[in-house]
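Welcome! Take a moment with the sequence and the 3D view below, and then let's walk through some features together.

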Amino acid sequence: MKSFISSSSTINVPVPWTDVEKIILMCIILISCLFSIIGCSLIMVSYFLWSDTRTKLRRLLVILSFCDLITAVGYAVGVLNGGKNMTPLYQECVVQSAFTTFSSMASFMWTMAIALYLFLQITRRRKYAGHALILFHFFAWGIPLILVISALFCSALGQNNVVVITGTVGWCWIKNSPSGKCRGNRLFWELAAGKVIEITAYISTPIIYLITKWNLPKKTMQKTDSYDDIVSGAVIKHEIEILQEADKKLILVPAVFVFVRMWGTLRWILSYAIHPSVNNIYWLAMLQGIGDSAQGWANFLLFCVFTAKIRRKYLRLLRCAFCREKDVGIDEIQ
């Protein structure tokens, strides 16, 4: 495992990772990408397979999963394209960077949109939630698209020339020296094509979820106070259980989101604050490689495995498939 060596006057550029370290990093990233592809696919399948799960919030989750699916596929292609030397071909690198830069920014935008939509629902501002959906589509797709087109026009996307020296997680993003007719150095385009939206999501998403969580007990109390006046006790009890389950996720969702995505931002900040050789800290690169491609399977765990209703449906589906396979085997024996 390599690290960087600093002194009062100089900082030595570290020796590049060994081939074994690069192969291990590639394999782990590809496994994380595969899990995310499967997780995103199952989230989307559950929405189309069971009509009683087709809520507006689930629809937003499907859109988010679509973005994360593109990101996971793009990262996997980028890693495979780079090979163990992690030096991707130029044209393929630009295409991969364009897709993953767009999908990553869109994913952050939709993550903030889901948090805001849930806030509007919980705080009884549902009339605004419907109008907000239109704005979500406009901003969450429009802003990333404009930024990616601008970056392509300015030839800012593609292979980073210093990846072999400082270490990389395998996929392409911003060129080391953007060319073209536009102004702006590498730092400018890194901020414009991802980091500003990413850091905004880190800050705003937990805040919105915490405000929503603070308002949730009020709604639960309103349900409890109107227990005998509105509808039967069983229905109210069911709604309170749903709100209590939501209360737990209002902590888990932002915590998991920040935890899995923070490592790439931490690496990026340290590379500018200390020295680019920070990128060659192997364990930090490993955490970024796993975290940046982990949003799909993390969401699957939160919204499918840890959601009782969806979990029961998938378990029932597996039991039916197993029973049918077992019955077929018995018929063949007979």
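In this predicted model, Trp-189 is buried, because its relative accessible area of 7% falls under the 20% cut-off.

**Aromatic pairs**

- How many aromatic pairs does the structure hold? There are 12 of them.
- The rings of Phe-188 and Trp-189 form an edge-to-face pair, because their planes stand at 80 degrees, with the ring centres 5.2 Å apart.
- Trp-50 and Tyr-314 also pair edge-to-face, with 5.0 Å from centre to centre and 85 degrees between the planes.
- Trp-50 sits in the loop between α1 (19–49) and α2, while Tyr-314 belongs to helix α10, so this pair ties together parts that lie 264 residues apart in sequence.
- Trp-50 is buried, with a relative accessible area of 14%, and Tyr-314 is buried with a value of 14% as well.
- One aromatic cluster brings together Phe-102, Trp-110 and Trp-141.

**Nonpolar cores**

- As background, nonpolar side chains tend to be buried together in soluble globular proteins.
- Here, the largest nonpolar core has 50 residues, and the members that touch the most others are Leu-60, Trp-110, Phe-136 and Tyr-209.
- Which helices each supply at least two residues of this core? They are α2 (56–82), α3 (90–122), α4 (126–153), α6 (186–225), α7 (233–273), α9 (295–305) and α10 (308–333).
- The biggest contribution comes from α3, which gives 15 residues to this core.
- Setting aside neighbours within four places in sequence, Phe-136 is in contact with Trp-110, Ala-113, Leu-116, Tyr-117 and Trp-141.
- There is also a second, separate core of 12 residues, and Ile-29, Cys-33, Val-79 and Ala-285 are among them.

**Cysteines**

- A disulfide is a covalent bond between the sulfur atoms of two cysteines.
- This structure holds one disulfide, and it joins Cys-93 to Cys-172 with an S to S distance of 1.8 Å.
- The link between Cys-93 and Cys-172 is left-handed, with -125 degrees about the S-S bond.
- Where do the two partners sit? Cys-93 is in helix α3 and Cys-172 is in the loop between α5 (163–166) and β4 (173–174), so the link connects distant parts of the chain, 79 residues apart.
- Are Cys-93 and Cys-172 buried or exposed? Both of them are buried.
- Cys-67, by contrast, is in no disulfide, and the nearest cysteine sulfur, which belongs to Cys-40, is 9.3 Å away.
- Cys-67 counts as buried, because its relative accessibility is 1%, under the 20% cut-off.
- Cys-33 is buried too, with a relative accessible area of 1%.

**Cavities**

- Rolling a probe the size of a water molecule over the atoms shows where empty space is left.
- How many cavities of 30 Å³ or more does a search of the whole structure find? The search finds four.
- The second largest cavity has a volume of about 80 Å³.
- Its lining is made by Leu-61, Leu-64, Thr-111, Ile-114, Tyr-209, Val-253, Phe-257, Gln-295, Asn-299, Leu-302 and Phe-303.
- The elements α2, α3, α7 and α9 each give two or more residues to the lining of the second largest cavity.
- The largest share of that lining, four residues, comes from α9.

Note on methods
Residues are numbered from 1 along each chain as its sequence is written. This is a predicted model: local features need pLDDT of at least 70, side-chain atom pairs count only at pLDDT 80 or more; totals for chains, interfaces and linings use all residues. Side-chain values use heavy atoms; hydrogens and water are left out. A nonpolar core is a set of buried Ala, Val, Leu, Ile, Met, Phe, Trp, Tyr and Cys residues joined through side-chain atoms within 4.5 Å. Buried means under 20% relative accessible area, exposed over 50%, partly exposed in between (1.4 Å probe, protein chains only). Contact means heavy atoms within 4.5 Å. A disulfide is a pair of cysteine sulfur atoms within 2.5 Å. Rings of Phe, Tyr and Trp (its six-membered ring) pair if their centres lie within 6.5 Å; planes under 30 degrees apart count as stacked, over 60 as edge-to-face and the rest as tilted. On a 1 Å grid over the protein atoms alone, a cavity is a set of points where a 1.4 Å probe fits but cannot get out, and a pocket is an open set with protein on both sides within 12 Å along at least five of seven lines; lining residues have an atom within 4 Å of a point. Grid points are joined across faces, edges and corners, and a volume is the space filled by probe spheres set on the points.
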